[in-house]
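Please read them with the model open beside you.

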Amino acid sequence: MQRFPCPFCGPRDETEFHFAVEAGHARPEPAGAVSDAAWAAYLYEAASPKGTTREVWLHLTCGEYFLLTRDTLTRAVNASEPLPGVAP
Amino acid sequence: MQRYSALSLLRQGLAGHKGWQSAWSKATPKPAYDAVIIGGGGHGLATAYYLAKAHGLTRVAVLERGWIGGGNTGRNTTVCRSNYFFPESVALYDLALRLYEGLSREINYNVMLSQRGMLIAAHTPAQMEICNRIANAMQINGVDGKLMGAAEAAAKVPLANTAPDARYKLMGGIWQGRAGTARHDAVAWGYARAASALGVDIIETCEVTGIDVQDGAVTGVETTLGPIRTERLGIAAAGATPGLMAHVDVTLPIHDYALQAFVSEPVKPCLDTVLLYLGTGTYVSQSDKGELVFGGGLDRVPTHGQRGNLPVQEAVTAGLLEMFPAFGQLRLLRQWAGVVDVVSDSSPLIGPAGPEGVFINCGWGTGGFKAIPAGGWLLAHLLAKGTHHEISRPFDLRRFAEGRLIDEAAGSGIAH
């Protein structure tokens, strides 16, 4: 069992966490000017990098979203931080 | 190519098995090819075979980073089936099953297809309704599928848990008689041998490090064994596809996850079908060697590492024991994982992508093995003709921008 660090609760079992989305996936605006291709890219596309990745995860038990920087090959976790503007 | 037959086996046996030739030639890269395929798994090798066989294109290379069939083709649970919901999916997966049915004879290589039937077992009235809906859809789409009642289903899986306190009571389910298993390694080796015999170069330990593009069209690939020129590039690299397409600035609707599989120690024949329990999400079949081969859902942590995590091992094994308490006596022999490329709508991506001349066949997620002959057939069609086959057209990348998703995750009731 791997343990992931929640910036609010500390290290917890991986089963308490849920992957949400790769970080930096900004919703394109304004809606009227967004092409179908750009909207599809926002909804569906992912870089799926091999190596370092920065992702938004949800800690199911405390309900907070946060940023996790980790390695997709080794599974090592490098950093865990609250979303911008959220105090830990 | 040395033909395999009962007579050749007898002859070689009498000669001490000293006269067997390599099944396929180990090739080194030539400077240029009419078509290059990245990925020496089942899909890539089948593509090369059908390019040569059906389209007469033999200046073809298959580039494999590791060894033939060492990726997901050699890591799956060997199930072949076409019990899907949407017409597009049934057409695709049944093309694969029909090609599998004639494959051993066609390529003179025994892929050990065993059409022992598959039961998707339901445990609630709601699940039975879903099963009825899928069985109806299969029949409308022209595929053998039927709703099976509790008594008939129980007779198919005699060791299933029928205890009064069983959590998941067998109510029946969907039966597909043409479903079954095939020897996964044999599929890779058989296609490799058949493609090699038609002149295809199969190049192992050759990693693609770049894709060359000029004026919007592919001109070749950079590899660890040097540059190779080609104007037609097929990519059948499963979980490695997003990294390859990043070379040409194409981002795909794919997340990579680990999918685990398990085998028990071998025992005498006790399970004559492929079984998926909707209640536990665990599926199981018995190999010809007697091992119970089983698996379940994805590890839910995106990864490129070919190993599984413990919580899923526990959930899958617990699911197996809920289905078959008697299997609790068995020891686990092996456990492993492959990196699967899961698309947002759980359907594959087949078609042109990025620069002109580049075609992808990926996104099979947790179900690529069963689709190998169709994936190869359709990618070969794309590479040879430059346009879609009718069966691959709905699976084009454009379906995301056009809102025509083929959402089999919900439609077929699978656990992932």
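1. In this predicted model, the residues that line the largest cavity come from chain A and chain B: they are A:Glu22, A:Ser48, A:Pro49, A:Thr53, A:Glu55 and A:Thr72, together with B:His255, B:Asp256, B:Pro302, B:Thr303 and B:His304.

2. The volume of the largest cavity is about 70 Å³, and the count of cavities of 30 Å³ or more comes to 1. Two elements each supply at least two residues of its lining, namely strand 4 (52-59) of chain A and strand 13 (254-264) of chain B.

3. Turning to the interface, 24 residues of chain A are in contact with 25 residues of chain B, and the area buried between the two chains is about 2100 Å², with carbon and sulfur atoms giving 52% of that area. Of the area that chain B buries against chain A, 26% is supplied by B:Arg300, B:Val301 and B:His304, which is more than any other three residues give; B:His304 is also listed in the lining of the largest cavity.

4. On the side of chain B that touches chain A, two or more residues are given by each of strand 13, helix 8 (310-323) and helix 10 (399-402) of chain B, and strand 13 gives the largest share, 5 residues. The residues of this side divide into 13 nonpolar, 7 polar and 5 charged.

Key
Residues numbered from 1 in each chain as written. Chains lettered and ligands numbered in written order. Predicted model: local features only at pLDDT ≥ 70, side-chain atom pairs only at ≥ 80, totals over all residues. Heavy atoms only, no water. 1 Å grid on protein atoms, 1.4 Å probe; cavity = no way out; pocket = protein on both sides within 12 Å on 5 of 7 lines; lining within 4 Å. Points joined across faces, edges and corners; volume = space filled by probe spheres on them. Helix = DSSP H or I, 4+ residues; strand = E, 2+ residues; numbered from the N terminus. Contact = heavy atoms within 4.5 Å. Buried area = accessible area lost by both parts, 1.4 Å probe. Nonpolar A, V, L, I, M, F, W, Y, C, P; charged D, E, K, R; others polar.
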